[in-house]
Each structure stands twice: as C-alpha cells, then as structure tokens.
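Please read them with the structure open.

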Amino acid sequence: MKNKQRILVIILFCIILFILDLCLGSVRIPVNDTFNILIGNGASKSTWEYIILNFRLPKAIVAILVGITLPVCGLLMQTLFRNPLAGPYILGLSSGSSLMVALVIMGSSFLPQYLIPIFTSSYGIVIASIAGSLLVLIAVLLTAQKIKNTMSILVIGLMFSHFTSSIINILSYFSSAEQLQKFTIWSMGNLGSVSWKTLSFIIIVCGITLIYTLRLLKNLDALLLGENYAKSLGVPYKKTLNQIILITSVLTGVITAFVGPIAFIGFAIPHIAKIVFQGSQHLYLFITTLLTGVCIMLICDIVSQGFEVAIPINAVTSIIGAPIVVWLLVKKRTFN
C-alpha cells in the first residue's frame, strides 16, 4: 500500500474512532442518534443529546487536539536535538507547570483562609500552570541565546525537571491527604475538564501555532543532517532554534495547563509514524505524525471511558502506547 493510500485509510480510521468515542462509554448511544445529534436533529432521548453535546463532544475534540499538538512538538524536539528520546516535555515545561500547580494546591495552607478557594479553583490551577510554563519558556529562551550547543539546552531542561520534582516531593511530604489527592488527580490528566468557551481558546492558539509550524518544515529537513549542514544551506539556525522552542513551549504549555501532563504521546507517536509510514521529508512526517496522534488519543479516550468509573488518561496512554512502540522498535531493530 502506498503512503498516500495509507493516509486516506488513517483519515477514515480517525473519523470512525471519533464517532465511536461519542457513542461508547458508561452510557451506550446508538450511532444513528449520535449522527442526528451532530447535525442538529436531536435524539430519541434528551439525556443522550445532553451527554454528547456537553461531555463527550468537547472531550473528543480535546483528545484530537492533544493527539495533534504533543506529537508534533515531539517531532520538532527529536529533529532539533537529533535525539530519539526527546519529547515535548524535555525542556522542562511540564515541570514548571507541575511546580506552580503544586505550590497552589499543596502550598495553599500557608495562604489566608479567604484566598484558598480562589487559588485552588479550576481557574486558579490553570493560571498557575500557564505561569509555570511561561517562566520556564523565558528561562529556556534566555539560555538558548547564550549557549551554542543544543545538547546543553537539553541537559538544562532535564536538570530543571529534577529540581522541580524535588520541590514537589518536599511539598507532598508536608501536605494533607486531601491536597495530595487533588494534585495527583491533576497530574493524571483529564480530557473532560474543558468547557466550550475554553476549548475555543485552545483551538485558536493551537491552530495559529501549527500553521506557523508549516513555515519551518523545510528548515527541519536541513537540520536532519546537522547544524553545520543546515547553515551551509542558508538556514538561519539560531532563529529556527528559537522558533522551534517557542512553538513547542506554547503548544505544550496550553495543553498542559488545561488538560494536565499527558504521558507517552509526545515522545512515542513520531516513532510510530516514522516506522509505519516510511519517509523523512518533514511535510510528510508532519501529516502522518498528526494523524497517528489523533488515532491513538481517540483509542485511549475510548478505553478510558469504557468503564463505570473513567480511568485516568495518563494510565491508558502508557498502557496502550508503550507495548506498541516496543513491538515496532523490536521489529525494525532501530530508531528511525
């Protein structure tokens, strides 16, 4: 099967999975009623319409956005650092978000009593997460201006992650059981916590950033062969480096703020796309990584809501994704 045919097949597969994600769950809704709800004709039961329009549809759209953004960020990071283990969280953005959220949730006991409900509300947690990502973004961009070696930026991101993890562990040790539980739930990821108003904001930010990413794809093709080769072709390396870091930071920061840190997806999906769909041109890799990410995230969302009590999305992404990546890599015997 040619790659273009594979793309058409996976697009069809994405559509089928999207419909299944709306139909399946603790309450099963027939496909015909689901289609009628989507086109505005209503359903045979009003509760089904409420469930789809207010819960499952926005959650499925969020799953698609996560499946698009994090794998694309992973692809950018793996190309920039020429490291198959790189991912969207490698710069420490999620660590910055986690630290600020931990300070808000587990450090709230040090605040005046009347401020605690404000800081620990859903909006307070989102603002804290965004602030943490922005602080790390500024630190990484400043570092990138002074350090020539991209691997040093990678190491700094890893060290920052270890540093923030230590502070979070200290906060966890002194926090109450209720505070610890709330932070743990946030860190497990939640696709169903986004409202329609918030979803519009995420779509606009992610859409603009992804469209801008298309301008960098030719530069990314040159970066595959190294920094010196890219410079010899006239690629403005420092500018491209800053743009890649900024794009990854914006996409990862927005998704983490509203959904929480999502494991596996950003690191593994680019490998799956490269192995299943052969090719090294970044325009092609961009499309296949995007589509593969959407499929995997929709499958994970279907599995997570297929029980009486929804399973945390982070657990599902790792349980489903890790064996797939191991099998594919053993089959190919190399990272592509």
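Leaving aside its neighbours within four places in sequence, which residues is V254 in contact with?

1. The model discussed here is a predicted one. V254 is in contact with I202 and V205, once neighbours within four places in sequence are left aside. The residue is found in helix α12. V254 has a relative accessible area of 12%, under the 20% cut-off, and therefore counts as buried. Its C-alpha atom is 6.9 Å from that of I130, although V254 and I130 are 124 residues apart in sequence.

2. S249 also has its place in helix α12. Its relative accessibility is 4%, so S249 counts as buried. With neighbours within four places in sequence set aside, S249 is in contact with L93 and L137. L93 belongs to the contact between α4 and α12, on the α4 side, and S249 belongs to that contact on the α12 side.

3. The packing of those two helices can be described further. Two packed helices are described by the angle between their axes and the distance between the axes. For helix α4 (residues 93–106) and helix α12 (residues 237–259), the angle is about 35° and the axes are 9 Å apart. The crossing of α4 past α12 is right-handed. On the α4 side, the contact is made by L93, S94 and S97. On the α12 side, T248, S249, T252 and T256 make the contact. What classes of residue are found in the contact of α4 with α12? There are six polar residues, one nonpolar residue and no charged residues.

4. The phi of F264 is near 75°, a positive value in a residue other than glycine. Most residues other than glycine have a negative phi. F264 is buried, because its relative accessible area is 14% and the cut-off for buried is under 20%. Anyone checking the backbone by eye may wish to look at F264, given its positive phi.

5. Is L233 buried or exposed? L233 has a relative accessible area of 52%, over the 50% cut-off, so this residue is exposed. The C-alpha atoms of L233 and L180 are separated by 52 Å, while the two residues are 53 residues apart along the chain.

6. G226 lies in the loop between α10 (217–223) and α11. At 4% relative accessibility, G226 counts as buried. G226 and T79 are 147 residues apart in sequence, and their C-alpha atoms are 9.4 Å apart in space.

7. K182 has its place in helix α8 (residues 177–187). Its relative accessible area is 34%, which lies between the 20% and 50% cut-offs, so K182 is partly exposed. K182 and V276 are 94 residues apart in sequence, with 39 Å between their C-alpha atoms.

8. T292 is placed in helix α14. With a relative accessible area of 5%, T292 is buried. Not counting residues up to four places away in sequence, T292 touches I10, I269, I272, A273 and F277.

9. Rolling a probe the size of a water molecule over the atoms shows where empty space is left. The second largest pocket holds about 440 Å³ of space. It is lined by 21 residues, and the closest to its centre are K59, N190, S304, Q305 and A310. Which elements give two or more residues to the lining of the second largest pocket? They are α3 (46–81) and α14 (282–304). Of the elements, α3 gives the most to this lining, with four residues. By class, the lining of the second largest pocket has ten nonpolar, seven polar and four charged residues.

Definitions and conventions:
Residues numbered from 1 in each chain as written. Predicted model: local features only at pLDDT ≥ 70, side-chain atom pairs only at ≥ 80, totals over all residues. Heavy atoms only, no water. Axes fitted to C-alpha atoms, helices over the stretch in contact; angles between N-to-C directions. Left-handed = near helix turned anticlockwise from the far one by under 90°. Contact = heavy atoms within 4.5 Å. Nonpolar A, V, L, I, M, F, W, Y, C, P; charged D, E, K, R; others polar. 1 Å grid on protein atoms, 1.4 Å probe; cavity = no way out; pocket = protein on both sides within 12 Å on 5 of 7 lines; lining within 4 Å. Points joined across faces, edges and corners; volume = space filled by probe spheres on them. Buried < 20%, exposed > 50% of the residue type's maximum accessible area, 1.4 Å probe, protein only.
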